[in-house]
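Hi,

Here is the structure I promised to pass on. Have a look at it first, and my notes follow below.

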Amino acid sequence: MLLSIFIIFLNQLNYLAHIFLSGDNDLLKVGNFLGDFVRSKDHKKYSTEIQKGIKLHHYIDHYTDTHATFKKSKIRLRPRFGHYAPVVVDMYYDHLLALNWSKFSKVRLENFVNHFYKLTDKNKSIFPKKANHVLYYMKRDNWLYEYRTLEGIDKALIGMSRRAKFVSKMESAAFMLKENFNQYQEDFNSFFPELLAEINCVRNQL
């Protein structure tokens, strides 16, 4: 699938949602973050809980990609962004999660993000090289916290556009979000509570 080729290359996707959906289990968070960086044949190198986190990552991806509301957002963006439309939707939804954070978590976003960064420092030695490369820039520019602002998302999307192998037009994606904000807020409000309920049900069954 073409999108899967872009994921590692682009390096900035919906990390905030993946980490949040891991619940309070730190090792699930680690595995969930690693989901795009660890090849199937290497899963068994990790502890059982981290393997569960990797599986959870792929379950979230599958649920998201096949959800009617996500598809609606993606179709709306496809004429401008083509194969990059799902990437843009991922970023929009992470922005909306950060923006509406207090509706879903009692922990302040800043504290949640800082805890995750400390967690990655503790586990740095087990991360593949590409994961540590992403983490360096994630921490340096504080992606997860900056997602809450339109300026932060704009900066991330412009950076992704520069790294894309093909013309992506993602440098205009933040402007499109601003212009059509209510539509994407409505999509997110429909989608995310359903995703959260689904993952809360399956998280301990993996």
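How many helices and strands does the protein have? There are 12 helices and zero strands, so please keep in mind while browsing that this is a predicted model.

On overall shape, a compact globule with 206 residues would have a radius of gyration near 17 Å, and the protein agrees with that at 16 Å. Its C-alpha atoms fill a box of roughly 45 × 35 × 30 Å along the principal axes. Buried residues account for 52% of the 206. If you take the contacts between residues at least 6 apart in sequence, 71% of them join residues at least 24 apart.

Now the salt bridges: the count is 10. One of them pairs lysine 29 with aspartate 26, at 3.8 Å from N to O. These two sit three residues apart in helix H3 (residues 26-34), which means about one helical turn separates them. Lysine 29 is buried, at 6% relative accessibility, whereas aspartate 26 is partly exposed at 27%.

Another pairs glutamate 146 with arginine 148, also 3.8 Å from N to O. Here glutamate 146 is partly exposed at 30%, and arginine 148 is partly exposed at 29%. There is also a network: Arg39, Asp42 and Lys45 are joined by salt bridges that share partners.

Cheers

Technical notes
Residues numbered from 1 in each chain as written. Predicted model: local features only at pLDDT ≥ 70, side-chain atom pairs only at ≥ 80, totals over all residues. Heavy atoms only, no water. Helix = DSSP H or I, 4+ residues; strand = E, 2+ residues; numbered from the N terminus. Rg over C-alpha atoms; globule rule 2.2 N^0.38 Å. Buried < 20%, exposed > 50% of the residue type's maximum accessible area, 1.4 Å probe, protein only. Contact = heavy atoms within 4.5 Å. Salt bridge = Lys/Arg side-chain N within 4 Å of Asp/Glu carboxyl O.
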